Amino acid sequence: MNWSIARRSRALGVAPLLAAALALVEVAPVDAHHSSAGIDRSKTVSVEGTVKTFRWANPHSWIEMEVVNAAGETEIWNFEMLPPTYLIRAGWTRSSVKAGDRIRVEANGFVNGDPGGLFVSVTLADGTVLTQRPPGRGRGGRGN
Amino acid sequence: MRTSRIGPLARAVLGLAAILLAAPAVPAQQLSALAPENLARPRPAPPFDLTGMWLHSGNERFDPPEGFVLTPEAQVHYDAAQRATAENKIYRNDIGLCWPAGMPIMMTRVWPVAMMQYPTAIYMISELMNSLRVVYLDGRTHTDPDIAVPSFNGESIGRWEGDSLVIDTRHFVDHHHWIHDRLGIPASDALRIVERIRMLEGGNRLEIEFTLIDPKVFEGEWVMTKFWNRVTDRDIAEVECLPELNEHMPTVHSEFQVRDLEEIQP
């Protein structure tokens with residue numbers, strides 16, 4: 001049994017094109033070691049709340065936020081983010097979001113509506129919007 | 001009174017004999033790959049030096065060849081993973097739960113790999129959980145299977161062949177270790193991986209042809225070629241998979257996780 005599509009491609013002389021196409025993968029990893037099972041990547045939810053923790057860390061940064069739901073109860077929402085390597089290029093610092101900040105987060109949420117999701121962007125109290133990637137780098141992926 | 005006199009040479013011979021008789025009968029110890037006397041041994045110059053940061057490009061998965069045949073034991077996990085995927089769930093998700101990716105996955109995930117080449121060994125550190133892999137080049141052979149300690153990255157012995165480095169890796173763990181985690185293709189302790197590495201494009205690109213055999217998991221050989229680009233603007237970072245991390249990863253705690261085979265059996 002032998003599977004060697006890559007070697008056949010090289011023989012056909014498409015390696016440079018393949019390399020150029022694949023170079024994009026470096027800046028836009030779309031998969032991770034944390035599975036996105038259950039996440040609806042075709043939609044975003046918008047959630048406003050108060051930051052409990054913002055962790056600037058590898059392999060993922062994350063935001064833990066308190067959100068008051070329609071019933072008036074406080075829920076905890078966690079948002080999984082890319083690592084700082086990517087966030088820095090998108091203009092973030094480790095103090096872009098701080099505990100106590102009032103923010104609005106856009107995220108890919110769960111299909112069943114459970115709290116939490118994959119971070120897409122944040123609107124800070126002063127109106128500043130931060131995403132995970134510099135403009136023109138495509139849709140958000142996952143850094144791990 | 002006359003005393004016996006032993007000359008210096010005889011004393012030395014007797015002393016050596018005493019040491020040899022007293023020494024336990026253990027095999028000669030393998031010199032560490034970083035022992036100065038091992039590093040200093042004369043060896044032919046290698047055809048290339050892998051020292052640098054490398055980032056895999058392309059499909060990070062070890063997708064199986066068309067028509068591959070799994071063993072019945074492995075098929076159970078594969079089928080479970082397919083059912084989980086069909087239900088928008090993830091089966092096992094061991095890497096997400098901080099188990100090491102292991103070989104072959106550690107080489108191709110989206111994180112870079114730092115490689116440091118010495119005459120006696122190549123040290124590789126994947127930024128994904130800082131997983132360590134050592135490829136010995138000092139002529140040692142694989143450890144006796146009866147005493148080898150299984151690991152996720154295995155025991156790698158390399159040798160130079162023309163313009164290539166050929167690495168033979170064995171002695172893998174047989175639990176929480178996957179050849180393809182998303183497809184549910186496990187790795188067993190019979191997994192053996194042979195890599196043939198070539199350096200291309202003036203040292204800026206690597207080609208590795210992987211040949212996998214694992215008779216406990218699939219029939220025949222599984223061969224595929226992957227590529228890496230040299231990265232010059234990035235250093236290796238500390239990346240730990242910590243309990244605190246997973247407490248705050250919403251996907252890890254969702255109802256879409258399938259931890260056990262029994263949860264997904266038809």
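Residues are numbered from 1 along each chain as its sequence is written, and chains are lettered from A in the order in which they are written. Because the model is predicted, local features need pLDDT of at least 70 and side-chain atom pairs count only at pLDDT 80 or more, while totals for chains, interfaces and linings use all residues.

Reader: How many helices and strands does chain B have?
Author: Helices (H or I, at least four residues) and strands (E, at least two) are DSSP runs, numbered from the N terminus. By that count, chain B has four helices and 13 strands.

Reader: What share of the residues in chain B is buried?
Author: A residue is buried if 20 or more other C-beta atoms lie within 10 Å of its own, exposed if 12 or fewer, and partly exposed in between; C-beta atoms are placed from the backbone. Chain B has 266 residues. The buried share is 35%.

Reader: Which closed arrangement do nine strands of chain B form?
Author: Strands pair if DSSP finds at least two bridges between them. In chain B the order is β1-β3-β4-β5-β6-β7-β10-β11-β12, with mixed pairing. The twist averages 30 degrees from one strand to the next, using axes fitted to C-alpha atoms and angles that run from 0 to 180 degrees between N-to-C directions. The arrangement is a closed barrel.

Reader: Which residue of β12(B) is the bridge partner of H56(B)?
Author: Strand β1 of chain B covers residues 52–57. Three bridges join β1(B) to β3(B), antiparallel, and there W54(B) partners V113(B). Five bridges join β1(B) to β12(B), also antiparallel. In β12(B), the partner of H56(B) is W228(B).

Reader: Which residues have the most contacts inside the largest nonpolar core?
Author: A nonpolar core is a set of buried Ala, Val, Leu, Ile, Met, Phe, Trp, Tyr and Cys residues joined through C-beta atoms within 7 Å. The largest has 47 residues. Strands that each supply at least two of its residues include β3, β4 and β12 of chain B. The residues with the most contacts inside this core are I122(B) and I179(B).

Reader: Which residues does I179(B) contact, leaving aside its neighbours within four places in sequence?
Author: Two residues are in contact if their C-beta atoms, placed from the backbone, lie within 7 Å. The partners of I179(B) are F62(B), P104(B), I185(B), P186(B), A187(B), L212(B) and V217(B).

Reader: In what order do the elements of chain A run from the N terminus on?
Author: Chain A has three helices and six strands. Of its 144 residues, 33% count as buried. The order is α-α-β-β-β-α-β-β-β.

Reader: Which residue takes a positive phi in the hairpin of β2(A) and β3(A)?
Author: Strands β2 (residues 62–68) and β3 (residues 74–80) of chain A pair in the antiparallel sense over seven bridges. W62(A) stands opposite E80(A). Five residues lie between the strands. The one with a positive phi, near 85 degrees, is G72(A).

Reader: Which residue of β5(A) is the bridge partner of F79(A)?
Author: β3(A) and β5(A), residues 117–123, pair in the parallel sense over two bridges. In β5(A), F79(A) has as its partner G117(A).

Reader: Is T128(A) buried or exposed?
Author: T128(A) sits in the loop between β5 and β6 of chain A. Its C-alpha atom is 10.0 Å from that of S96(A), 32 residues apart along the chain. T128(A) has 11 other C-beta atoms within 10 Å, so it is exposed.
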